[in-house]
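Visitor: Hi! Could you walk me through this one while I have it open?
Guide: Happy to, let's have a look together.

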Amino acid sequence: MHHTLARFEMPIWDPCPFCDIAAGRSETRHVIDATEKTLTFINIRQFEIGQLLVIPRRHAPTILDLRDDEATEIMNKIRTAADALTETFNPDGITVYQNNGVTSLQEVPHFHIHVVPLRKSSDWGVGPPHIAALQPKNSEMKRKVTVSWERAGEIAAIVKPNFKS
């Protein structure tokens, strides 16, 4: 069962940058995989090199807005992404996380899941910096790390050969 248009307070971003990527109206060289229902691409905010996002093509603000077929394909793409990141970077672990609504620090109003290769030497501490920001004592950990579209494209090019659709 699924709901339609969750009623959490949502971030405002118009037009939706992920819808622009899905429609080809934005930079796309960082896209790793594109299907009828999903996109997998390099996150322009690289907290860890190789961090990917998996999204539905259709605009769905939160997990409650996904159709069952989208949720199934997204989970399959997460497994494929984790495998590709493992092949590419040989990390010590993979972190998968997702936020819903402003209170959980969702920043783009389009459902997306982060798939992140981690090393023991990572400086994430207790977790992703913006998740750690939910704990007031760790709010100083929130940071914005941005790479150029060119660098995102370079990272995509090294991950893409290991992404087995």
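Guide: One term before we start: pLDDT is the predictor's confidence in each residue, from 0 to 100. This is a predicted model, and the mean pLDDT of the protein chain is 85, with 82% of its residues at 70 or more.

Visitor: Where does pLDDT stay under 50?
Guide: That happens over residues 135-142. The model has 16 contacts for that stretch beyond four places in sequence.

Visitor: OK. How many helices and strands are there in the protein chain?
Guide: The protein chain has 4 helices and 5 strands. Starting at the N terminus, their order is α-β-β-β-α-β-β-α-α.

Visitor: And what share of the residues is buried?
Guide: Of the 165 residues in the protein chain, 50% are buried. As for contacts with a separation of 6 or more, 65% are between residues 24 or more positions apart.

Visitor: Let's go to α2. Which of its residues are buried?
Guide: The buried ones are Glu70, Glu73, Ile74, Lys77, Ile78, Thr80, Ala81, Ala82, Ala84, Leu85 and Phe89.

Visitor: What covers them?
Guide: The cover includes the strands β1 (31-34), β2 (38-42), β3 (52-56), β4 (93-97) and β5 (113-118), and also helix α4.

Visitor: How do α2 and α4 cross?
Guide: The axes of α2 (residues 68-89) and α4 (residues 149-159) come within 9 Å and cross at roughly 95°. Angles of 65 to 115 degrees count as roughly perpendicular, so α2 is roughly perpendicular to α4.

Visitor: Which residues make that contact?
Guide: From α2 there are Ala84, Leu85, Thr88 and Phe89, and from α4 there are Ile155, Ile158 and Val159. Sorted by class, the contact has 6 nonpolar residues, 1 polar and no charged ones. Ala84, Leu85 and Phe89 are also among the buried residues of α2.

Visitor: How far apart are the end C-alpha atoms of α2?
Guide: They are 31 Å apart. With 22 residues at 1.5 Å a residue, α2 should span 32 Å, so the two values agree.

Visitor: What follows α2?
Guide: Asn90 does, and this residue sits in the loop between α2 and β4. Phi of Asn90 is positive, near 50°, in a residue other than glycine.

Visitor: Is Asn90 buried or exposed?
Guide: Asn90 is exposed, because its relative accessible area is 56% and the cut-off for exposed is over 50%.

Visitor: What about phi of Leu105?
Guide: Leu105 has a positive phi of about 75°, although it is not a glycine. You'll find Leu105 in the loop between β4 and β5. At 22% relative accessibility, Leu105 counts as partly exposed.

Visitor: What does Glu9 touch, not counting residues up to four places away in sequence?
Guide: Glu9 touches Gly101 and Val102. Glu9 and Ser104 are 95 residues apart in sequence, while their C-alpha atoms are 9.8 Å apart in space.

Visitor: One last thing: what kind of peptide bond joins Asp14 and Pro15?
Guide: A cis one, with omega about 5°. Pro15 also lies in the segment before α1.

Key: Residues are numbered from 1 along each chain as its sequence is written. This is a predicted model: local features need pLDDT of at least 70, side-chain atom pairs count only at pLDDT 80 or more; totals for chains, interfaces and linings use all residues. Side-chain values use heavy atoms; hydrogens and water are left out. Axes are lines fitted to C-alpha atoms, for helices over the stretch in contact, and angles run from 0 to 180 degrees between N-to-C directions. Helices (H or I, at least four residues) and strands (E, at least two) are DSSP runs, numbered from the N terminus. Angles under 35 degrees count as roughly parallel, over 145 as roughly antiparallel, 65 to 115 as roughly perpendicular and the rest as oblique. Contact means heavy atoms within 4.5 Å. Ala, Val, Leu, Ile, Met, Phe, Trp, Tyr, Cys and Pro count as nonpolar, Asp, Glu, Lys and Arg as charged, and the others, Gly among them, as polar. The expected span of a helix is 1.5 Å times one less than its number of residues. Buried means under 20% relative accessible area, exposed over 50%, partly exposed in between (1.4 Å probe, protein chains only).
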